[in-house]
Every structure is written in structure tokens, then in C-alpha cells.
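Please open the model in your viewer and keep the selection tool at hand. This tour goes from stop to stop, saying what to select next and what is found there.

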Amino acid sequence: MADPGFISGMIGFAIQLAASRVTRDINVAIRCRKELDTLKVLLLKIQSMNMEMQQYRKALNSGRLTTSPHHTLPSTVNSWLEELNALLEEASDLAQHCTVPSYSHLFSRYRTSKKIRRLFAFLHQMQQQVTNQQVLEQIKEKVDSLNLRTSAFACTSGDPIPSTSSASPNKKYVEEALIVGQDSASNRLVELIHSQQHKNVSRFGLAGKGGAGKTLLLKRVFNSDQVQSLLCTDLMLWLTISQNPSFSTLRNDLVKQIALKVNEILDSRDEDRVKTWLNETMRKHKFALFLDDVWETSATSLLEELCDPHSPLHNSNIIIATSRSNSVLSQLGVPRPSIIQMQDLSEDDSWRLFSSHAFLHSEGVLPMSIDQDIARRVCNECGGLPLALKVVGQAMAGITQSNEWELAVKRLQNDVTNSLYGKLRLSYVALADLAGYGISLQLCFLCLAAYPEDSIISSTYATAYWIGEGLVAGPDPFKIGEMYINLLADRCLIEPVKKNYEGRVLCFRVHDVLRDLAQQFAAKEEKCFFQAGRGLRQFPVDVSSGYIRISLIDNSLTSVPRTFRPSHIRSLLLAGNTSLAEISKEVIGNMTSLRVLDLSRTALLSLPKNIGILKHLVCLKLPYVPIKRLPNSVAALRSLQILDLQGSDIAQLPAGISKLTSLKLLDVAFCEHLQCMPYGIADLTSLEYLNASNSPNIGWNKCRRNRLSISHLGNLNQLRRLGFQNNGEIIGEGILGTMKQMEYLYFHLTDMESLPHDMTAMAKLRELCLICPHLLKIENSICEFRHLSFIKLIQCDMLKQLPALHKLPSLKHLDIVNCPNIEKFPEEFGKGGAFPKLEVFSVVDMMKLEQLPVVEGGALPSLKTLTIMKCEALQRLPECYWNLKSVEKIRVYGCSKVQHVMAEEENFIKTKTKVQTIRVSTTEIQALEERYFDMRHRGEHFYYGEFWCNEVFRFLEFAMSFIIQRNGI
């Protein structure tokens with residue numbers, strides 16, 4: 001149940017945004033100036049009142065104020081906020097209308113003026129109503145009496161751009177810290193497997209509360225060399241089941257894992273063939289199946305749904321499962337003696353884990369300014385649950401005042417349910433008061449409940465949703481969104497799955513307990529109906545009515561009924577409903593407040609022609625949708641900032657695209673049917689992200705009237721990221737030189753022998769990816785990019801010599817891929833001082849490369865990972881690379897000569913215990929290539945967390961992901 005003192009932060013945040021938007025439009029209005037200026041003065045007063053109410057909200061939620069269950073003040077405030085928000089949406093429409101010149105009859109202008117005066121009267125009446133009821137005075141009195149202190153929980157208003165100084169420092173990811181106190185359970189499971197095998201016991205289980213660390217422990221066992229040798233299996237397989245699983249999806253995941261490991265290719269779309277193949281293959285191999293997070297809803301039918309009941313899956317092969325319930329494990333056939341109960345951590349282990357998170361700034365040591373007894377009381381309130389200890393510990397990180405620790409104890413003790421959710425709430429509440437972020441970070445966390453349980457969420461995908469909701473704003477909202485995600489990771493509220501060379505989270509998961517927490521708050525306090533991945537076949541019209549945010553991602557819907565009339569809905573997420581073929585104009589016509597519409601991976605062939613009525617729409621996502629063209633009314637979406645068409649069947653963009661003056665991101669990558677780009681794109685001066693990579697049929701060199709030419713790209717001087725394939729047209733001077741804000745540049749250049757000289761004007765460039773088959777030379781002027789930290793050179797067929805890359809002061813990641821005419825690297829690459837910050841170095845598919853440079857003292861001082869793949873001419877890997885102090889991984893794939901030498905030097909390599917060495921044969925690499933391109937031919941898509949990537953790079957990521965999974969690293 002929602003707190004009696006709860007006030008919606010989402011509504012208050014929306015009011016601040018709406019009022020700011022109206023004020024901005026008033027400043028540039030052409031008509032009705034007198035009425036609008038009066039309205040502007042009132043809006044400033046309303047914004048001030050709203051800020052007072054949000055301070056009151058924060059004080060209630062942080063525990064500084066308490067209310068009785070019958071206290072009516074918060075409900076009065078909520079009612080006022082909701083009514084005010086609806087009026088401000090109307091004010092936004094009117095103010096925006098007045099910014100556009102009108103040549104209509106004078107009577108039309110009179111009507112507009114009359115509407116504004118009427119709206120002013122309503123708003124003024126609401127202001128007087130609040131004043132008369134003395135609501136604002138009560139709030140001010142309570143807030144002022146608190147004498148709020150400036151601390152880690154300081155109340156702040158607005159949403160300024162976060163800086164590195166205001167955010168928590170990045171936490172080092174230490175696996176040991178994540179499994180504190182679970183050695184005994186791990187050892188018991190290993191001993192149990194060893195002792196029971198001769199008794200023909202093949203099923204084992206881990207049972208424990210949510211947040212007890214079952215998944216982490218199971219992963220540790222799965223990756224254990226000792227367990228793999230004990231089990232003597234051909235295949236180690238992993239499935240995450242979750243509360244509402246799709247059995248067909250689970251079966252396909254199982255098939256993909258097995259097919260990769262037995263070097264076979266299978267079309268997973270033929271369900272009958274999949275079942276037959278699965279049963280036949282399982283009879284040929286002994287395997288261990290790890291089932292994580294099994295629930296009662298699926299336990300009875302899980303094994304039968306995965307394959308034939310008479311298959312070996314039910315007999316001699318090993319099954320190890322985790323669940324919150326012993327009875328669920330028994331239903332899977334796990335004998336009682338083979339179930340290990342996960343215990344709460346001891347007091348000492350709890351303190352150890354808690355300290356590693358709470359006292360980051362002092363390396364896990366309690367600061368002298370904090371009373372140890374109070375800190376231990378906070379720790380003890382976590383009940384020995386690892387998830388609570390991590391999350392609450394991170395919430396307290398950086399807080400050095402004892403009174404704030406006492407407040408945390410009070411907050412934890414006031415939870416009458418004494419549940420895990422109550423303990424985790426402390427971290428959720430603390431997000432709202434984190435200095436420099438306002439309440440937006442808290443609301444961003446709630447929105448993550450919109451995605452299916454245990455799903456891997458792309459950071460770019462989540463950020464687009466937040467931008468659409470208005471939670472992330474600023475000069476570069478995607479960068480701010482990335483900072484939010486990293487901060488949530490630092491707070492242990494999300495689990496990073498993949499990071500880039502800078503430590504930035506590319507994709508992540510949300511622990512199911514934390515997702516449940518977010519879903520509860522989102523539903524009861526922010527009117528969110530989140531039912532992703534529930535297997536729904538019919539749209540829940542009645543159940544979802546009254547909600548303003550709806551997520552039905554990854555269900556089995558076929559249509560949105562015309563009876564669905566969501567007049568106040570702000571976001572509708574229908575991605576992954578692969579049979580959804582229709583959304584009617586009646587439904588669109590009722591969603592006039594909509595800000596986010598996600599139709600990714602649906603079967604829509606067209607959008608309703610009246611979509612232009614969605615004047616508040618900020619984010620429209622249509623990736624991998626068979627839609628061929630957009631309605632012309634799309635040009636009326638003046639608030640649209642994100643238009644994502646990646647991988648769709650789009651053949652033509654609307655000619656009126658120049659009217660999308662707010663557009664910041666346009667993604668038409670992998671659009672094979674797109675023939676040209678309209679000239680109007682050159683007028684989108686707000687555009688910051690343009691991705692037209694891997695769309696091979698865009699005719700830049702065939703541009704006719706009203707069609708965009710490469711020369712027109714120079715108008716887009718605010719671009720920060722550009723993905724581009726020139727398809728034969730030469731890029732002349734004076735185009736790239738105007739893009740002084742550029743940070744990420746992906747170029748696929750055909751028929752160009754050199755790079756434009758004016759590229760050096762991109763002083764902020766951080767990432768550069770070049771695919772240039774005819775490139776003869778890269779000038780040493782590339783070293784002028786002082787911030788360049790990431791370089792990929794792919795398929796530079798004619799390139800024979802590399803520039804002085806070793807001089808780049810910020811370079812952290814260097815990939816050189818498929819450059820067949822490079823026989824050796826410059827000797828300077830191994831000289832003292834070379835590559836001062838390089839951490840990742842990959843050399844792939846270099847047919848003529850015979851040797852790597854010898855590394856002298858002082859060179860490559862930061863190198864952590866060296867990858868060499870498909871370099872058949874390479875004779876050996878110099879010994880000096882194993883001797884580098886910082887190196888952690890050396891991976892050699894498909895290099896027969898090098899691997900032969902490594903086999904002869906096995907004893908030397910074994911002495912380098914801190915270096916992880918992986919070897920994969922050329923035959924296996926070739927088999928992976930065949931499998932990958934067969935899967936791509938069948939239309940399967942892969943996400944690798946990169947903003948741009950071509951097929952060569954996608955294969956490399958695919959291969960490395962498989963190899964890493966196979967080796968358990």
C-alpha cells in the first residue's frame with residue numbers, strides 16, 4: 001500500500017518540465033504576446049509553489065517528517081498537482097501554437113487569445129485555491145522547521161547536468177566481495193555432487209530467500225573447473241527460468257547453447273524440428289543443466305515443456321536448480337538430502353560485505369567520524385541478506401555524519417513489514433535526495449520495471465525511454481543517461497552485464513527483487529501498469545485503464561482494441577509482440593498526452609495516418625518492424641526527439657522531416673530498402689545522433705532534387721555521433737570541419753584513398769571506427785586528437801602502414817581487423833612511452849602479419865587484454881607480452897603457428913599464473929563463421945552494446961561471446 005504521506009514525484013517533475021516548456025515557447029511566441037506575458041508571470045509563481053511541495057515530498061519519504069494514516073494534506077496536494085499538470089499540458093499546446101506564424105483570419109487569432117485568457121483564469125483560480133486552503137503555508141511551515149542540512153541527503157530542485165564530482169565514485173567490481181560468506185554453501189554443494197554421484201543421484205538444489213545470493217553462488221559453481229571435472233559432462237548449460245517464463249523461448253535458448261557447442265546449425269523457428277533435434281542430441285551427450293530462479297508456476301511442467309519426457313534429460317544427466325522454495329525443488333525431482341539451504345550471513349560476514357560498499361572512500365574501513373555502534377545497527381537491520389547489505393551499504397556510501405546514520409536506522413526500523421523490500425526502500429528513497437540529481441534518478445529506476453524480468457537491457461534503450469518521459473534533459477541527454485546508469489550500478493540497483501573500455505555500462509540486468517520493488521512503487525504511486533513478459537494474448541483494456549504508463553513488452557498480443565481509450569497515457573511500450581499487426585487510428589486519436597511509443601520488433605506494416613496528432617510525442621521506436629514508409633503526418637510531431645528505425649523495412653522517409661525541429665536522434669542503420677535521404681534532414685540543426693551505417697542502398701551519389709547529398713551534412717554542426725556509409729560519393733573538404741561537437745565517428749568509406757584533412761577540427765573526438773577498403777594512408781595528423789580513446793580499423797584492404805598511433809595520449813582501446821596488406825607494425829609501438837593508457841589491443845584477421853613489435857621497458861604500461869585472432873602468418877608471440885606487469889588476459893584464436901609454439905612453451909606459460917590464456921583452433925573459428933552467417937541469413941539479430949557495428953565486428957563479438965561462455969570466463 002502506498003504511504004499515507006506519499007506525494008507523486010513523477011507528477012511534480014512533469015509540472016516543472018511543462019512549466020519550463022511553456023515559458024520557453026512564450027519567449028519566442030509571435031502572437032497573443034500580452035496574454036502570454038501575463039501567463040508567464042503566473043507560471044513562475046506556480047513553479048515556486050511546486051518546488052516547495054517537492055521539498056515536502058522528499059522530507060516525508062526520507063523520514064524527516066511523519067504523518068498519520070488519516071493525514072489529509074498529502075492527498076490534497078496530489079489532487080492539486082494532477083489537476084495542475086493537466087492544465088499545463090493544455091497551456092503547452094496553446095503556447096506552441098502561438099510560436100508558429102498564422103495567416104488565417106483575425107477571428108482565429110481572437111479565439112486563440114480567448115483560450116489563453118480562459119486558461120489563465122483556471123490557473124489563477126487554482127493558485128488562489130491553494131492559498132485559501134493554506135496548504136502551501138502548512139508545507140512551508142513544516143519544511144522550514146526541518147532546518148534541512150546540506151549533506152548526501154540534501155534536498156535539491158531541478159535537474160542540472162551531473163558532474164563527476166557530484167556522483168559517487170566508480171566502485172571497483174570485486175567478485176570476492178559479491179560472494180562473502182558463501183564458501184561453506186559452495187563447498188557443501190561440491191561435496192554433495194561428489195558423494196552422491198555413485199548413488200545415481202543426478203539432481204541438486206539451492207534454496208533460499210530472494211536476495212540471498214543463490215544466482216551468484218550457482219554461477220560460481222557453473223564456472224568452477226573442479227565441478228566441471230567432477231561432472232564429467234560434454235555440455236554445461238544454463239537457463240534462467242523466472243516467474244513467468246516462455247517455454248518456447250527457454251527451449252530456443254537451450255537449443256542455441258547446445259548447437260554452438262556441438263558445431264551444428266539449426267533453424268530455431270521450426271518448433272517441431274527443434275524438439276526432435278533436442279531429444280536426439282541429448283541422447284548423444286552427457287550434460288549438466290543449471291536452472292536458475294525456478295518458481296512454482298513452472299516447476300511441474302518445466303522439464304516436460306523443454307523436451308520429450310522420455311529423453312535423457314529426465315534420467316542420468318545432472319540438473320542443479322535454485323529456488324526460493326524447497327517444495328519447488330522437490331517438484332523438479334531433487335531429493336530432500338540434495339537440497340542445500342542458503343543461510344543468512346553471519347554478523348561478521350555481514351559487516352565485511354556491508355563495509356566494502358558503505359565505506360568505499362576509505363577502502364572498507366570505518367571512518368572516525370561515524371559511530372561504529374550506529375553503523376553496525378544499520379548493518380544488522382539488513383538481516384544478513386547479501387542483496388540488502390550491498391544496496392543499503394551503497395546508499396550510505398559517502399555519508400559521514402552520525403545523525404544521518406541514525407536517521408537510516410530509524411527508517412529501517414519503521415518498516416512494519418520487516419521485509420526485504422522495506423530494507424531496500426532506503427536506497428530507493430536516497431536516490432531522490434542525491435545531490436545534483438533531484439528526483440529524476442529515482443523515477444528512472446522505477447521505469448526499469450517496464451522491462452521483462454531477468455532481461456538484458458541496453459543502456460541506450462533505457463536512456464531513450466527516460467528522455468521520452470522527460471526524466472533526462474540537457475545539452476547531451478544520452479550522455480547524462482549513461483551517467484545515471486553508472487550511478488545506479490554504483491548503488492547496486494542494477495547489475496552490469498557488459499562495460500566498454502571506459503567502464504561505462506553498455507547493458508545491464510535488474511535483480512528480480514529490486515525489479516519487484518520498483519514495480520510496486522511504480523504501480524501504486526506513479527500509476528504505471530507494467531506487465532512485460534507475462535505471456536498475455538489479449539490486450540488488458542479494463543485492467544490497464546486509469547494508468548498513465550503501460551508496458552506490455554514481450555507478450556503475445558495481436559492488436560490493440562479500439563475500445564482502449566487512454567486519454568492521459570504518457571508512455572505505451574509494446575516492443576517484442578511479434579504478432580502485433582495493427583494499432584488503429586481510434587487508439588492513436590485518444591492518446592493525445594503520449595510521450596513514448598515503442599513498437600520495436602512488432603509486425604506492423606503501417607502506422608495510422610493521424611499519428612501527427614501526438615503533439616507531445618518525444619520518442620518513437622520502430623526498430624526491426626516491416627513498415628515501409630511513415631505517414632506524412634509524422635512531420636507534425638514537433639516535440640519528437642528520438643526516431644529509431646534501425647533494421648526496419650523503411651524505403652522512404654517523409655519529405656516534411658525538416659519540420660521535426662526538436663529531433664536529436666535519427667537511426668536508419670541496417671535499413672536495406674532505404675534508397676535515399678530527404679534534403680530536409682540538412683535543416684535539422686538540433687540533430688546530435690545520426691546513424692545511417694550499414695544501409696548499403698542509400699544513393700548519396702544519385703541525389704536528385706529534394707534529396708540529401710553528402711555535402712549537405714556540413715549543415716549538421718551539432719552532431720555528436722555519426723554513423724555513415726558513403727556508397728561511392730567522395731567526401732570533400734569543408735564538410736567534416738564544421739562538426740566541432742563530434743565525439744563518436746563511424747565511417748564506411750568506399751572509393752576513398754585518404755581521409756578528409758578537415759577532420760582535425762573535431763577536437764572532441766573520442767571514438768573512431770573506419771572501414772575503408774581503398775584507403776592508402778592515414779596521416780599522422782590523427783595524433784592531434786588528444787581525447788581519442790577508442791579506435792577500430794576494419795577492412796582497410798589497401799593500407800600497408802599504420803600511423804603513429806602510439807603517440808595518442810588517451811588511447812585505451814585499439815582494434816586492427818582484416819587489414820590484409822599490413823605485414824608488420826611500426827617498431828615505435830614497442831618503444832618506451834608508447835601507448836601510455838592502452839588497455840585493450842586486438843589484432844584480427846591479418847593475413848600477412850608476421851610479427852608483433854618487441855616491447856621495451858615503459859611501453860604498454862596499462863595493457864590488460866591482448867587478443868590475436870586468425871593471423872596465420874604470425875610466427876610467435878614474444879615472451880615480453882607475458883611479462884607486462886598489467887596484462888591479465890592473452891587470447892589466441894585460430895593462429896596455428898603461434899599456438900604450436902605456445903604448446904612447446906607450456907611450462908613457461910604456466911608460470912604466468914596471473915595471465916589468463918585461451919587458445920581456439922582455426923577449424924573452430926571457421927565453424928563459428930559458418931554458424932554466424934547462417935543465423936544472420938535467417939534474420940536473427942544480435943545486440944553487442946555498441947552504437948555502431950558492421951557485420952565483421954558483429955561476428956567477432958559473436959565468436960568471442962561464445963568462446964568466453966564455453967570457457968566459463
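**A tour by selection**

Begin by selecting D293, which is found in strand β3 (residues 287-294); helices (H or I, at least four residues) and strands (E, at least two) are DSSP runs, numbered from the N terminus. The model is a predicted one, in which local features need pLDDT of at least 70 and side-chain atom pairs count only at pLDDT 80 or more, while totals for chains, interfaces and linings use all residues. Residues are numbered from 1 along each chain as its sequence is written, and side-chain values use heavy atoms, with hydrogens and water left out.

Stay with D293 and look at its backbone, where phi is positive, at about 65°, although the residue is not a glycine. Most residues other than glycine have a negative phi. D293 also counts as buried, because its relative accessibility is 9% (buried means under 20% relative accessible area, exposed over 50%, and partly exposed in between, with a 1.4 Å probe and protein chains only).

Next, select N694, in the loop between β18 (689-691) and β19 (721-725). Phi of N694 is near 55°, again a positive value in a residue other than glycine, and N694 is buried, with a relative accessible area of 13%.

Which residues of helix α8 (residues 214-222) are buried? Select K214, L217, L218, V221 and F222, for these are the buried ones in α8. They cover an arc of only 140° around the axis, which puts them on the same side of α8; the arc is that of the directions from the helix axis to the C-beta atoms. An α-helix has 3.6 residues a turn, so residues three or four places apart point the same way.

Now show helix α17 (residues 386-396) together with helix α19 (residues 420-432), which pack at an angle of about 25° with their axes 9 Å apart. Here axes are lines fitted to C-alpha atoms, for helices over the stretch in contact, and angles run from 0 to 180 degrees between N-to-C directions. α17 and α19 are therefore roughly parallel to each other (angles under 35 degrees count as roughly parallel, over 145 as roughly antiparallel, 65 to 115 as roughly perpendicular and the rest as oblique). To see the contact, meaning heavy atoms within 4.5 Å, select L387, A388, V391, V392, A395 and M396 of α17 with L420, K423, L424, L426, S427 and A430 of α19.

For another pair, select helix α21 (residues 459-469) and helix α22 (residues 477-490), whose axes come within 9 Å and cross at roughly 115°. That makes α21 roughly perpendicular to α22. On the α21 side, the contact includes T463, W466 and I467, and on the α22 side F478, Y484 and L488 are among the residues taking part.

**Two buried loop residues**

Move on to S593, in the loop between α25 (585-590) and β14 (596-598), and note that S593 is buried, with a relative accessible area of 16%. Leaving out residues up to four places away in sequence, S593 touches S567, H568, I569, R570 and H616.

Finish at I778, whose place is in the loop between β21 (767-771) and β22 (790-794). At 5% relative accessibility, I778 counts as buried, and, not counting residues up to four places away in sequence, I778 touches L755, L770, L793, L799 and P803.
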